Amino acid sequence: MISFVVGRGMGHLGRCISISEKLQQHHLPIHVFAFRETHGYLSKNLHNDVQLKAFKSKKFEDGKQTTLLINDWRSDVPRFRSEGKVGGNTKVVTLYHSDFIIGTNDSAPMREYKNRIVEIANQSDIFLHMNLIPPKQTHPQMNCIYIPIPLITREISQSPQEVRRMLGLQQNESFILVHMGGGLANRYEQIVKWYDQINSLAGRYRFVVAGQLADEDYQFDERIIKAPLIPNGKNLVQAASLVISKPGMGILGDCISTGTPLLFLPPDDAEREQKIDMLREIVNSDKVSIQEPEEIVPKIEYVLANKEVIQKRFSLIPTNGAEVASKIIEMAYRIPLSKLAKRQEDLLRLTPYSSFGHKDGCL
């Protein structure tokens, strides 16, 4: 069977749902292991044929029956084979999204963060690395099978009109979505500061605050709509005219795939700093991130005025990563671990990136 271990963040959960749907279409036996707090959300989104179980790292349930283990993104999971929590022939596939090539201007925390990505990847057999632009190289110290894949996002399941109706808005009423993450892990340190700033602008813009897995204990202005936690958050993103968010990959993917302009708030760690760098590179502008409160209104007006330019940039990013990843996982599932390295070229042919595998592609 295939075991998929997923973290607490909404971006990770969304990717798990997308890949699980594709694997289920291939009629593969898949079990999802997740933290209990996320089971309510996952149970509303996963197909009934997908088994949902509690994740316990100290004693991994059904480990010995696992043929292939997918990790997104838990640093303790790639060690399961060496620790005897899964069989010695279990194939380990790790999924992640950030750049890991160290640049000359990288800070010490950024270098440590990037080195950690490579360290975790090297404990795996296959590293599926999500890319926003065609990758130029892999890391010289990476010794697993490295396969770049496109962005993984979910399918739209509600129209903008249906979303506005759910929020109590008029059908032609635009809104700015404020998104602060999943709420269960890695809380954004500056969340209150920026909620205060959003509150102060409630009379100027129509704001909707995204509902999360954990309720936010904050007193919003009565003019701000607090959205319920809806099964597919990408529907909410598509209906918005602009998203203001703490830096994260899940919201970045949703905005790119829906063509919704995005403003990132300041980073509070190296991982979130990476997401800002990625957005700036895609849009080719440093005006898509906010550093200080006094910048928020000019940045909102800039992004809204340049919406078509941003949408054009976003439209160049492939978002069929779930389909690509599921095909790679299906092939790897059927190959014995002892023969996996010899089939590396076959696996690489499934990536659309011409510099790595698919020679007929134009990416």
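At what angle do helix H3 and H8 pack, and how far apart are their axes? Helix H3 (residues 108-121) and H8 pack at an angle of about 90°, with 9 Å between their axes, where axes are lines fitted to C-alpha atoms, for helices over the stretch in contact, and angles run from 0 to 180 degrees between N-to-C directions. This is a predicted model, in which local features need pLDDT of at least 70 and side-chain atom pairs count only at pLDDT 80 or more, while totals for chains, interfaces and linings use all residues. Residues are numbered from 1 along each chain as its sequence is written, and side-chain values use heavy atoms, with hydrogens and water left out.

- The angle makes H3 roughly perpendicular to H8 (65 to 115 degrees counts as roughly perpendicular, under 35 as roughly parallel, over 145 as roughly antiparallel and the rest as oblique).
- Pro109, Met110, Tyr113 and Lys114 of H3 make the contact with Ala270, Glu271, Glu273, Gln274, Lys275 and Asp277 of H8, contact meaning heavy atoms within 4.5 Å.
- The residues of this contact of H3 with H8 divide into four nonpolar, one polar and five charged (Ala, Val, Leu, Ile, Met, Phe, Trp, Tyr, Cys and Pro count as nonpolar, Asp, Glu, Lys and Arg as charged, and the others, Gly among them, as polar).
- Helix H8 (residues 270-283) also meets helix H10 (residues 307-315), their axes coming within 9 Å and crossing at roughly 105°, and H8 and H10 are therefore roughly perpendicular to each other.
- In the contact of H8 with H10, Leu279, Ile282 and Val283 of H8 meet Ile310, Arg313 and Phe314 of H10, and these residues divide into five nonpolar, no polar and one charged.

**An enclosed helix**

- Helix H7 (residues 249-258) is largely enclosed by the rest of the structure, because eight of its ten residues are buried (buried means under 20% relative accessible area, exposed over 50%, partly exposed in between, with a 1.4 Å probe and protein chains only).
- Among the buried residues of H7 are Met249, Ile251 and Cys255, and just after H7, glycine 259 takes a positive phi of about 70°.
- Helices (H or I, at least four residues) and strands (E, at least two) are DSSP runs, numbered from the N terminus.

**Aromatic rings**

- The structure holds twelve aromatic pairs, where rings of Phe, Tyr and Trp (its six-membered ring) pair if their centres lie within 6.5 Å, and planes under 30 degrees apart count as stacked, over 60 as edge-to-face and the rest as tilted.
- Phenylalanine 55 and phenylalanine 80 form a stacked pair, 6.4 Å centre to centre with 25° between the planes.
- Phenylalanine 55 lies in the loop between strand S3 (51-54) and strand S4 (68-72), and phenylalanine 80 in the loop between S4 and S5, so the pair ties together parts that are 25 residues apart in sequence.
- Phenylalanine 55 is buried at 8% relative accessibility, and phenylalanine 80 is buried at 1%.
- Tyrosine 195 and phenylalanine 220 form an edge-to-face pair, 4.8 Å centre to centre with 80° between the planes.

**Lysine 91**

- Lysine 91 lies in strand S5 (residues 91-96) and is buried, with a relative accessible area of 4%.
- Lysine 91 and isoleucine 329 are 238 residues apart in sequence, and their C-alpha atoms are 9.9 Å apart in space.
- Leaving aside neighbours within four places in sequence, lysine 91 is in contact with residues including Thr67, Asp125 and Tyr333.
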